[in-house]
Amino acid sequence: MQIGCLPLKNNILLAPLAGITDLPYRLIMRRYGIDLTFTEMISANGLVRAGRNTEALLLSTAEDHPLGVQLFGDDPQVLARAAAQVEDRGELIDLNLGCPVKKVVRSGAGSALLQDPAKVAQVVAAVRRATSRPLTVKLRSGWDSSSINYLEIGRIAEAEGADALTLHPRTRSQAFSGRADWSHIKKLKNAVTVPVIGSGDIVRAEDAEAMLAETGCDGIMLGRGCYGNPWLISSILARREGRPCPAPDPLQRLEAVRCHFELFVRHFGEQKALFDMRKHLCWYSRGLPKAAAFRTLINATRSFAELQQATEDFFLAAIDSVET
Ligand SMILES: Cc1cc2nc3c(=O)[nH]c(=O)nc-3n(C[C@H](O)[C@H](O)[C@H](O)COP(=O)(O)O)c2cc1C
């Protein structure tokens, strides 16, 4: 798969996920076979004002590439300045036309832009002029069920210079409820000539194959399916190559957790790890014996050392329970 001038090793992309797809998370997912990943969404306003938080979201390393930098905002000129400012931080710029969060849409950004096709044209055109990097647009199906307009928005984005489109086929009012309507991905694929990437509800290797087959999309984007489950990526790759890919055993999970801890502490320190790793640990432990008690325990831990010890104890007990 190729996006503009950017060739990719495969067509499995990691979704931008605010609060999740930080540097350690992206590095973990790369180890299991993802090539292109995205930053969490970054405010264009924050970037041009040189906000400290936005700089933290851009944290990356040499191994963390190819990387798409995702921007959100509502002002074409501010988005253009932000894109020019960050174009050396990744290989690709992505525009967020899908975020449903109130604070974001109230500012006219994210999925609010879907309500203003003329503004979308200005935004994409301005960013296109500002950077020579490949440019992608990530959108939802529409604002609500009475204003489904992804085909119009997709065509506009393509006409103004987008090199690929990612569709999460839910409306803003659906947020994350119900099923993603993959038929929208198929219709978008048939309506534009640039590559189309499908996003939504891929949680098993079979789903990945089904989305590609049902919609004809060029690439797939993995989001929540990878929570505590980087094996989703390796299982999709294995299935394609006709290799078996058994579910991870507790030892493999523990190895991934140790690696995640190590990367997290290296880049963000123990204090932040104490709080941010909890959600990942809840996901990595899903389905193992006594996972509920483990979740309660780690939410009460007060130091990183305590969290790490509780984690080792839990996974080692799970390994023992499989062996005996
Ligand atoms: C916690 C969370 C954070 C998200 N953050 C972003 C974001 O920053 N930018 C974006 O374009 N989409 C964001 N999304 C949407 C995802 O990229 C993806 O399109 C959506 O979750 C559907 O895919 P999935 O069913 O595979 O998770 C977010 C979704 C979730 C659940």
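Which residues form one aromatic cluster? I looked this up in a predicted model, where local features need pLDDT of at least 70, side-chain atom pairs count only at pLDDT 80 or more, and totals for chains, interfaces and linings use all residues. Residues are numbered from 1 along each chain as its sequence is written, and side-chain values use heavy atoms, with hydrogens and water left out.

Entry on the aromatic rings. I found that Phe294, Phe314 and Phe315 form the cluster, where rings of Phe, Tyr and Trp (its six-membered ring) pair if their centres lie within 6.5 Å, and planes under 30 degrees apart count as stacked, over 60 as edge-to-face and the rest as tilted. By this rule I have a count of seven aromatic pairs. One of them joins phenylalanine 261 and phenylalanine 304, whose centres are 5.4 Å apart and whose planes stand at 85°, so I noted the pair as edge-to-face. The rings of phenylalanine 314 and phenylalanine 315 have centres 5.0 Å apart and planes at 85°, so this pair is edge-to-face.

Entry on burial. I took buried as under 20% relative accessible area, exposed as over 50% and partly exposed as in between (1.4 Å probe, protein chains only). Phenylalanine 314 is buried at 8%, and phenylalanine 315 counts as buried at 0%. Both phenylalanine 261 and phenylalanine 304 are buried.

Entry on charges over rings. I counted a charge as over a ring if NZ of Lys or CZ of Arg is within 6 Å of the ring centre and within 35 degrees of the ring normal. The charged end of arginine 140 sits over the ring of phenylalanine 176, 5.1 Å from its centre.
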